Amino acid sequence: MTERTDDALLDSILAAYQLRARITDNMRYCGRWRDWDPQAPPGTAWFHLLDQGTCWLNVEGNEVPVQMNSGDLVVLPRGGAHSLTPIEQPDGSVSMDGFTTMLCGEFTFESTSGHPVMDALPDLMHVRGSESGDSYRRLAELLVQEAGQRRFGTQAVMDKLADALFVMALRTHLAGTAQRRGL
């Protein structure tokens, strides 16, 4: 099987740097809530995979919040400070009958001096579950399912699945981006 040149380049770059994915939280919210993450240490990217519900992602320095829906993944490649909040109704109320659930985590690379793929990404990468492929959606569902089962080795399985989800999200992002930076 022959690979396209850009596929081979991305594969070699991802192989050259050790990516470590780690699920840090399995969150469940109801009603009025706010989750805030500070600026991450250098070389760390934050991510959130929304399982059910909707919410706003507010990134420090961005005036416009990002609406997240079930199946969406957001990655902040430079680990920007941000908050997640419920979506309010026009009257200011928040739905009390549904839950918002998400997996949160971090991606780090062994080299803290930067990573060419992360450096080439925008400050916020938003992969919409509704616009992604079947493989991405199945992998995200498997990750969420694994998070709900506390069995032997669950953390290791979740971290490996998150690693694969990042590569699939990166592939989805690059396929849908007309303007590419860097690599």
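Thr 85 touches Trp 33, Arg 34, Cys 55, Trp 56 and Asn 58, leaving aside residues up to four places away in sequence (a contact means heavy atoms within 4.5 Å). The model is predicted: local features need pLDDT of at least 70 and side-chain atom pairs pLDDT 80 or more, while totals for chains, interfaces and linings use all residues. Residues are numbered from 1 along each chain as its sequence is written, and side-chain values use heavy atoms, without hydrogens and water.

Thr 85 belongs to strand β7, which covers residues 82–85. Its relative accessibility is 16%, so Thr 85 counts as buried (under 20% relative accessible area; exposed is over 50%, partly exposed in between; 1.4 Å probe, protein chains only).

**The whole chain**

Read from the N terminus, the order of elements is α-β-β-β-β-β-β-β-β-α-β-α-α. The chain has 183 residues, of which 42% count as buried. Among its contacts with a separation of 6 or more, 79% are between residues 24 or more positions apart.

**The sheet**

Five strands make an open sheet in the order β1-β8-β3-β6-β9, and the pairing is antiparallel (two strands pair if DSSP finds at least two bridges between them). Its edge strands are β1 (19–30) and β9 (125–127), each of which pairs on one side only. From one strand to the next, the twist averages 15°.

| Pairing | Bridges | Direction |
|---|---|---|
| β3 with β8 (residues 99–109) | 8 bridges | antiparallel |
| β3 with β6 (residues 73–76) | 4 bridges | antiparallel |

Individual residues can be followed across these pairings. Thr 44 has Thr 108 in β8 as its bridge partner. Trp 46 has the bridge partner Glu 106 in β8, and in β6 Trp 46 stands opposite Leu 76.

Pro 38 sits in the loop between β2 (35–37) and β3. With 36% relative accessibility, Pro 38 counts as partly exposed. Pro 38 and Gly 80 are 42 residues apart in sequence, and their C-alpha atoms are 7.2 Å apart in space.

**Helices on the sheet**

Helix α3 lies across β1, β3, β6, β8 and β9, and runs at about 90° to β3. Helix α4 also packs on the sheet, touching β1, β3, β6, β8 and β9, and its direction makes about 95° with that of β1.

The two helices pack on each other as well. Helix α3 covers residues 134–147 and helix α4 residues 154–175; the angle is about 160° and the axes are 9 Å apart (axes are fitted to C-alpha atoms, for helices over the stretch in contact, and angles between N-to-C directions run from 0 to 180 degrees). The pair α3 and α4 is therefore roughly antiparallel (an angle over 145 degrees). On the α3 side, the residues in contact include Tyr 136, Leu 139, Leu 142 and Leu 143. On the α4 side, they include Val 157, Met 158, Leu 161, Leu 165 and Met 168.

Key
Parallel < 35°, antiparallel > 145°, perpendicular 65-115°, else oblique.
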